[in-house]
Every structure is written in C-alpha cells, then in structure tokens.
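Hello,

Here is the structure I promised to pass on to you. Please open it and keep it in view while you read the rest of this email.

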Amino acid sequence: MSISFQSFEKAALVAAFFISSVVSPSWGAVPNKNALVKTQVKAQELKIEEAKKKITSLLLLKQRPQALEIIQELSRTNLAPELQKTIIQLKLVVMSSFLSSEAQDFFELASSQYLNHAKVSLKNTQKCLSIDPEQFMCLWAEAKANSKSNNRYSLFLEKMKTAAMDVPELKPLILSLDKTQPEFVSLQLDPNSKTELYDAQLLSAILEFDRSILAKNYLLAKESLDKLQQIAPDYIDITIMRAQLHRHTYGEESLDNLYNVVTIYKKKCEAVSAEVARKYFFDIDFCRRTLE
C-alpha cells in the first residue's frame with residue numbers, strides 16, 4: 001500500500017457506516033476483570049453506543065462540529081482505558097470522512113494537482129471546504145497547496161495541534177508540518193502500526209530520515225534511505241535526500257558537486273504524474289525538499 005488516502009466511498013451514508021463499524025472491545029469473557037469493573041465498562045460501552053447513534057445522525061445532517069463535540073465530551077469522562085481507543089477511532093472517522101460527494105470530487109482533483117497546478121489545487125480545496133467545512137483531507141490538501149510561509153498553513157498547524165494530536169494516526173502528519181519543532185525530533189514512529197489513511201511503514205521511513213537529519217544521526221538517516229529504496233523505488237525524493245545526507249556528512253565544501261542533483265530533482269518533479277502525486281499525498285515535503 002502506498003502513502004495515499006484510501007478509496008473513500010461517497011459521502012455521508014458511508015461515513016455513517018464507518019461509525020457503526022467502530023466497535024468497542026468486549027470484556028464479558030475477560031477473566032482478570034472483577035464483576036464491578038465489568039459492570040462499569042459495560043455501562044460505558046452502552047454510553048458509547050448511544051453516542052455513536054447521535055454522531056451518525058449528525059453526520060447524515062452534515063454537522064461535523066457537533067459530532068466532534070460529542071466525542072470531546074466522551075473523552076473528558078473517566079472512561080476505562082480499554083475504551084479510549086474506541087473514542088480515538090471515532091474521532092478519526094469523523095474528521096476524515098466526506099459528508100458530501102461533491103466535496104470529495106473537489107478533493108480528488110486537488111490531491112493530484114498540488115505540485116504542478118498549485119493554484120488550481122488550492123481553488124479546489126477551497127471549494128471542498130466551502131461544502132464540507134473542517135474536513136481533514138481537504139485541510140491537508142490546502143496545506144499541500146499553500147507555501148509554508150502562508151498564514152493558512154500555520155493556522156492549520158495550530159488548529160490540528162489542538163484538535164487532533166490525541167489521534168495517533170494523525171500525530172505524525174501534524175508534527176511533520178513543522179519539522180523544526182522539538183516534538184518532531186523526538187517523535188517515536190511505529191512502522192508496524194495499523195493505519196487507515198496511509199502506509200505506516202513508508203511514512204515512518206520518510207519521517208525517520210527527516211528526524212535523523214535534524215538529530216544529526218546520519219547512520220540512522222542512511223538506514224532510512226536504504227529502507228525507502230527497498231519499499232518505494234519510485235519515490236523521487238530519494239535522490240535529493242541522498243544529496244542532503246551527503247551535504248550534512250561532508251559539509252559545505254560538498255555543495256558544488258550537488259547542484260546538478262537539485263536540477264535533476266526539480267525536472268523530475270515537474271514531470272510527476274497525477275498518480276504519483278496522489279501516492280505521496282501525505283508526505284508534506286514531497287518534491288519540495290532542498291539540501292538544507
């Protein structure tokens with residue numbers, strides 16, 4: 001599987017289906033839980049099931065903010081640790097599901113245009129967000145289309161830090177928006193984690209390289225590149241990343257020999273197909289890397 005959004009079906013009915021498919025763990029047959037704890041957990045499971053019904057109704061009405069409020073209320077209650085993952089799953093589904101097929105159509109256009117048609121991509125993400133506000137995929141597409149100096153980019157970063165850092169699947173994405181922050185350098189990546197939006201092994205290798213460069217762990221950076229070469233031989237950025245590692249390893253005097261690599265990299269990126277652009281959609285720096 002590549003780094004790409006999954007094949008989202010159309011709109012709110014499917015979002016409601018995903019909500020219903022998020023199941024709470026069953027603790028009735030767990031021997032090391034005493035009767036009181038089992039009773040408490042069962043009551044909390046029922047509370048979550050009731051919340052899921054309300055969330056489903058709200059999504060069918062395209063009321064995402066209200067659905068997220070219910071999830072926030074649940075997360076503030078003293079839930080059993082076993083049920084916390086259920087709440088996080090619900091939050092991911094609510095944030096990433098499309099509630100409008102038209103919005104999804106605009107997103108699918110934007111997700112393949114962000115490199116060579118950034119203005120068109122940005123226009124399509126704005127159309128998506130006007131129809132389906134706060135949709136995470138469209139917000140991410142907007143960040144891809146904007147430059148990092150753009151105010152909307154920084155606003156998205158700050159908003160996601162507040163709204164989604166508790167969702168393990170989204171945390172690496174959010175921290176990758178600003179790789180200079182200490183939280184990114186200390187980020188613990190799990191290539192074997194089960195993810196819905198992207199290939200964890202591939203994204204982990206990419207971010208591990210960036211993290212290792214910042215931490216000046218050049219041996220680990222090389223290992224990450226070797227891993228990338230193995231699992232993603234079509235990943236264009238490997239070329240510039242190897243040059244970046246060379247520059248950090250051998251210093252400024254090596255720069256003269258690397259400018260040709262930058263030129264070749266830029267030409268390859270100009271010719272990237274829509275399919276490849278979509279494949280590496282969740283790499284925020286895809287085809288935008290430098291020797292720094």
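Below I go through the aromatic rings, then one arginine, then a pair of helices.

Before you start, please keep in mind that this is a predicted model.

**Aromatic rings**

A pair of aromatic rings is described by the distance of the centres and the angle of the planes. Counting pairs whose ring centres lie within 6.5 Å, the total is 12 aromatic pairs. One of them joins F136 and F156: the ring centres are 6.2 Å apart and the planes meet at 45°, so this pair is tilted.

Where do F136 and F156 lie? F136 belongs to helix 7 (residues 136-145), while F156 belongs to helix 8 (residues 151-163), so the pair ties together parts that are 20 residues apart in sequence. Both F136 and F156 are buried.

Another pair to look at is Y280 with F286, which is also tilted, with 5.1 Å from centre to centre and 35° between the planes. Are these two residues buried or exposed? Y280 has a relative accessibility of 0%, so Y280 counts as buried. F286 is buried too, with a relative accessible area of 0%.

**An arginine in helix 8**

Now go to R152, which lies in helix 8. Its relative accessibility is 41%, so R152 counts as partly exposed. Which residues does R152 touch, leaving aside neighbours within four places in sequence? They are L129, E142 and N146. From R152 to E142 there are 10 residues in sequence, and their C-alpha atoms are 8.3 Å apart in space.

**Helices 5 and 6**

Finally, have a look at helix 5 (residues 101-113) and helix 6 (residues 118-131), which pack at an angle of about 160° with their axes 8 Å apart. An angle over 145 degrees counts as roughly antiparallel, and therefore helix 5 is roughly antiparallel to helix 6. The crossing of helix 5 with helix 6 is left-handed.

On the helix 5 side, the contact is made by E102, A103, F106, F107, L109, A110 and Q113. Helix 6 contributes A118, V120, S121, N124, T125, K127, C128 and I131. Sorted by class, the contact of helix 5 with helix 6 has nine nonpolar, four polar and two charged residues.

Enjoy exploring!

Definitions and conventions
Residues numbered from 1 in each chain as written. Predicted model: local features only at pLDDT ≥ 70, side-chain atom pairs only at ≥ 80, totals over all residues. Heavy atoms only, no water. Phe/Tyr/Trp six-rings, centres within 6.5 Å; stacked < 30°, edge-to-face > 60°. Helix = DSSP H or I, 4+ residues; strand = E, 2+ residues; numbered from the N terminus. Buried < 20%, exposed > 50% of the residue type's maximum accessible area, 1.4 Å probe, protein only. Contact = heavy atoms within 4.5 Å. Axes fitted to C-alpha atoms, helices over the stretch in contact; angles between N-to-C directions. Parallel < 35°, antiparallel > 145°, perpendicular 65-115°, else oblique. Left-handed = near helix turned anticlockwise from the far one by under 90°. Nonpolar A, V, L, I, M, F, W, Y, C, P; charged D, E, K, R; others polar.
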